[in-house]
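Colleague: I would like to go through this model with you before I set anything up. Could you take me through the fold and then the backbone details?

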Amino acid sequence: MKNNLIDLLATLVSMPTITSDIQANEQALDYIEGYLKKRGMHTKRYQIEGHGALMASTRANNHFRHTVLLSTHNDVASGSEELFTIREANGILYGRGVYDMKSATAGYMQVVDDLYRAGTLDHYDFAIQVTTDEEFTPGYDRSGVANLIRKGYQASIVILPDSTAPGWDIEKIAKGWWRFDLIATGTSVHSGRPWEGDSASIKLIHALHELKELFKNHGPLTDSLNIGSIHGTDTAAYNKVPDKMVAMVEIRLSDDQSSARNEQLIKALCKRHGLAYKTFSLVQPVHPILDSPLVHAFKETVERVTGKSPKGHISLGGSDAPYFTNAGIPCVLSCPLGGKHHSEKEWVDKASLLQLVPILHDYLEHNAKMPAVSVDKHAAVV
């Protein structure tokens with residue numbers, strides 16, 4: 001017999017919802033919204049900075065505050081065409097979004113279907129949030145989740161299965177990041193007379209080589225460096241000395257002093273090489289609020305369902321968690337065993353994934369069930 005969760009995931013994976021493909025993301029939201037509405041969820045759609053978002057609630061008259069918020073993003077990183085067909089080999093599922101994080105979307109959909117078929121959906125107080133801009137937000141305060149929080153969407157606890165923790169461990173800290181442009185300017189001349197000009201590319205190359213050496217021993221527990229792109233002006237040519245070159249740089253921040261420490265490093269680098277820098281976004285390391293009873297309840301749920309006691313984990317990846325944490329909302333980052341997101345080999349362990357829906361059911365049963373309304377059988381009928 002086919003598994004509904006895997007079928008839902010296969011359908012979602014087949015939709016090429018790369019962040020920049022607004023139409024594909026809107027079509028996917030149409031599908032998700034239609035599925036949830038048909039099963040009794042109350043939905044509302046938003047457009048935020050050109051990207052769609054969906055809120056779905058079990059409660060018609062309380063659409064902004066819930067006990068549990070199940071959060072997910074349905075956009076994915078770009079990939080080759082074959083990645084948008086799910087495949088299975090040796091108990092492993094492969095495909096774009098199987099780990100990051102369409103598996104969560106599919107899990108939420110199945111939970112709603114299960115509760116609808118049992119006739120108990122309205123016994124629970126939870127909402128589902130689906131955004132489509134997580135893989136490349138237009139800026140920290142302009143993201144879908146940040147805007148939805150400002151619109152008033154709140155919860156006592158957020159479940160966000162977007163982590164690099166091993167299957168069902170829980171993040172205790174997630175690295176932050178500083179994304180900035182490193183900018184070199186010079187004087188353009190014909191390449192036949194390079195000594196008459198001032199090459200922005202040579203300046204930038206020397207600076208980047210020095211920067212690379214400063215991070216040559218980076219690892220999971222340290223600040224780390226990535227140079228995402230190096231590009232010049234639109235009039236770049238083989239026979240022209242460039243007057244401007246830009247490197248897109250990201251430094252992952254391992255502790256609360258990292259941003260100040262790295263800014264001083266970059267300022268000194270710029271002074272030595274005659275460069276400038278411009279910040280795109282800065283997100284401090286995230287310390288999820290883990291002392292909430294509802295977080296401890298999630299650990300208990302994982303242990304009941306999987307037999308595993310979740311351990312704390314330092315995450316190397318980013319997520320929407322900072323928006324919730326900064327708003328004072330506890331956020332559980334825990335997910336099935338998987339990896340290689342953003343690569344051609346993105347995978348999730350099928351057995352671990354199949355624990356998602358039982359975990360969600362158990363958690364909602366113990367933490368999001370609304371008290372039964374008592375009825376006085378002797379009350380007068382008016």
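Modeller: One definition is needed before we discuss strand partners: two strands count as paired if DSSP finds at least two bridges between them. Please also keep in mind that the model is predicted.

Colleague: Understood. Which residue does Val158 stand opposite in S14?

Modeller: Val158 stands opposite Cys331 in that strand. S14 covers residues 331–333, and its pairing with S7 is parallel, with three bridges.

Colleague: And in which sense do S3 and S7 pair?

Modeller: They pair in the parallel sense as well, and five bridges link S7 to S3, which spans residues 65–73. Within that pairing, Arg65 has Gln154 of S7 as its bridge partner.

Colleague: Why is S7 described as largely enclosed?

Modeller: Five of its seven residues, in the run 154–160, are buried, so the rest of the structure largely encloses S7. Buried here means a relative accessible area under 20%.

Colleague: Let us step back. How many helices and strands does the protein chain have?

Modeller: There are 10 helices and 16 strands. The chain has 382 residues, and 50% of them are buried. Its C-alpha atoms fill a box of roughly 100 × 50 × 40 Å along the principal axes.

Colleague: What share of the contacts joins residues at least 24 apart?

Modeller: Counting contacts between residues at least 6 apart in sequence, 79% join residues at least 24 apart.

Colleague: What about the surface and the charges?

Modeller: The accessible surface is about 18000 Å², and carbon and sulfur atoms account for 53% of that area. The chain carries 39 positive and 44 negative charges, whose mean positions lie 2 Å apart.

Colleague: Turning to the helices, how far does H2 reach from its first C-alpha to its last?

Modeller: H2 comprises the 17 residues 22–38 and reaches 24 Å, close to the 24 Å expected at 1.5 Å a residue. Gly40, which follows H2, has a positive phi near 100°.

Colleague: Which residues of H2 are buried, and what covers them?

Modeller: The buried residues are Ala24, Asn25, Glu26, Ala28, Leu29, Ile32, Glu33, Tyr35 and Leu36. Their cover includes helices H1 (4–13) and H3 (102–118), together with strands S1 (42–48), S2 (51–57) and S6 (126–131).

Colleague: Back to sheets. What is the order of the open sheet of four strands?

Modeller: The order is S4-S5-S16-S15, and the pairing is antiparallel.

Colleague: How many bridges join S15 to S16?

Modeller: Two bridges join them, with S16 formed by residues 347–349. Gly338 has Val348 in S16 as its bridge partner.

Colleague: Now the backbone. Which residues does the cis peptide bond join?

Modeller: The bond joins Asp100 and Met101, with omega about -20°. Met101 lies in the loop between S5 (92–94) and H3. For context, most peptide bonds are trans, and most residues other than glycine have a negative phi.

Colleague: Where is Asn90 found, and is it buried or exposed?

Modeller: Asn90 is in the loop between S4 and S5. Asn90 is exposed, with a relative accessible area of 82%. Although it is not a glycine, Asn90 has a positive phi of about 55°.

Colleague: And what is phi of Lys340 near?

Modeller: Phi of Lys340 is near 60°, a positive value in a residue other than glycine. Lys340 belongs to the loop between S15 and S16, and Lys340 is exposed at a relative accessible area of 53%.

Methods
Residues are numbered from 1 along each chain as its sequence is written. This is a predicted model: local features need pLDDT of at least 70, side-chain atom pairs count only at pLDDT 80 or more; totals for chains, interfaces and linings use all residues. Side-chain values use heavy atoms; hydrogens and water are left out. Buried means under 20% relative accessible area, exposed over 50%, partly exposed in between (1.4 Å probe, protein chains only). Contact means heavy atoms within 4.5 Å. Accessible areas come from the Shrake-Rupley method with a 1.4 Å probe; for residues, only the protein chains shown count as cover. Lys and Arg count as positive and Asp and Glu as negative; His and the chain ends are not counted. The place of a charge is taken as NZ of Lys, CZ of Arg, CG of Asp or CD of Glu. The expected span of a helix is 1.5 Å times one less than its number of residues.
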